[in-house]
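Subject: A structure for you to look at

Hi there,

Here is the structure I promised to pass on. Please open it alongside this note, and my findings follow below.

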Amino acid sequence: MCWDIRTRRLEPVQVMKEARDCITTVLTNDHKIFAASLDGCVRHYDIRVGEMTCDKIGEPVTYLALTRDEQCLVAGCQDSVVRLLDCSTGELLNEYKGHQADDYHIECGIMASDAQVVAGSSEGCAYVWDLLEGKVVQRITISDNGGVVHSLATHPKRQELLFARRRDIYVYSTDVEIIVEEI
């Protein structure tokens, strides 16, 4: 649903009802709304021309992230695969495997350089893959005693990450292979 916050009306100005299951992520840029759904689709709503495009992934999509250049989407899926999709064509560009999603909402992202993809894991660690080759370049152990690394945020300019696991938050730099700070 979309609301006009200038009018302070409680009724939405537009309702998009195409998804057949839960919406897990909503992203926006200047002219598009991206919505990931557990029905296995990523929908692109172009608000300039009033069009909707549906990219069928075939697996429940639990999280979406947009690359810095806004050319690609990184889609975390429930089958423990992170997929790189071309925004304009919907084409599958690459797949990243190795982490465990199980039945958790595991977040993924893209580093500031747009050269690495990152995702949490249900096994207490996070994975960093090379964007082009799809190979694991780092497995970051967040905790030896487990706990799902469910949330993450990438720094917009530096090669740094913020992870959340249980009640803990961790700051990590991929330039230096140690945990920088534990809060």
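The largest pocket is lined by 14 residues, and Met1, Met16, Ile23, Val26 and Ala35 lie nearest its centre. A pocket here is an open set of points on a 1 Å grid over the protein atoms alone, where a 1.4 Å probe fits, with protein on both sides within 12 Å along at least five of seven lines; lining residues have an atom within 4 Å of a point. Its volume is about 260 Å³, taken as the space filled by probe spheres set on the points, which are joined across faces, edges and corners. Strands E1, E2 and E3 (41–46) each give two or more residues to the lining, and the largest share, 3 residues, comes from E1. Strands (E, at least two residues) are DSSP runs, numbered from the N terminus.

A word on the source: this is a predicted model, in which local features need pLDDT of at least 70 and side-chain atom pairs count only at pLDDT 80 or more, while totals for chains, interfaces and linings use all residues. Residues are numbered from 1 along each chain as its sequence is written, and side-chain values use heavy atoms, with hydrogens and water left out.

Now the sheet. Four strands form an open sheet in the order E1-E2-E3-E4, with antiparallel pairing (strands pair if DSSP finds at least two bridges between them). E1 (23–28) and E4 (51–56) stand at the edges with a single partner strand each, so one side of each has no neighbour in the sheet. E1 is joined to E2 (residues 32–37) by 5 bridges, and Thr28 stands opposite Ile33 in E2.

Further along, E11 (residues 125–130) is largely enclosed by the rest of the structure, because 5 of its 6 residues are buried (under 20% relative accessible area with a 1.4 Å probe, protein chains only; exposed is over 50%, partly exposed in between). E11 pairs antiparallel with E10 (residues 116–120) over 5 bridges, and also with E12 (residues 136–141) over 5 bridges. In the hairpin of E10 and E11, Gly124 in the turn has a positive phi of about 85 degrees; in that of E11 and E12, Gly134 has one near 80 degrees.

Finally, have a look at His105, in the loop between E8 (92–97) and E9 (108–110). His105 counts as partly exposed because its relative accessibility is 36%. The side chain of His105 reaches the backbone oxygen of Thr62 at 3.0 Å.

Best wishes

Key: Polar contact = N/O pair within 3.5 Å; in protein donor to acceptor, adjacent residues only side chain to side chain.
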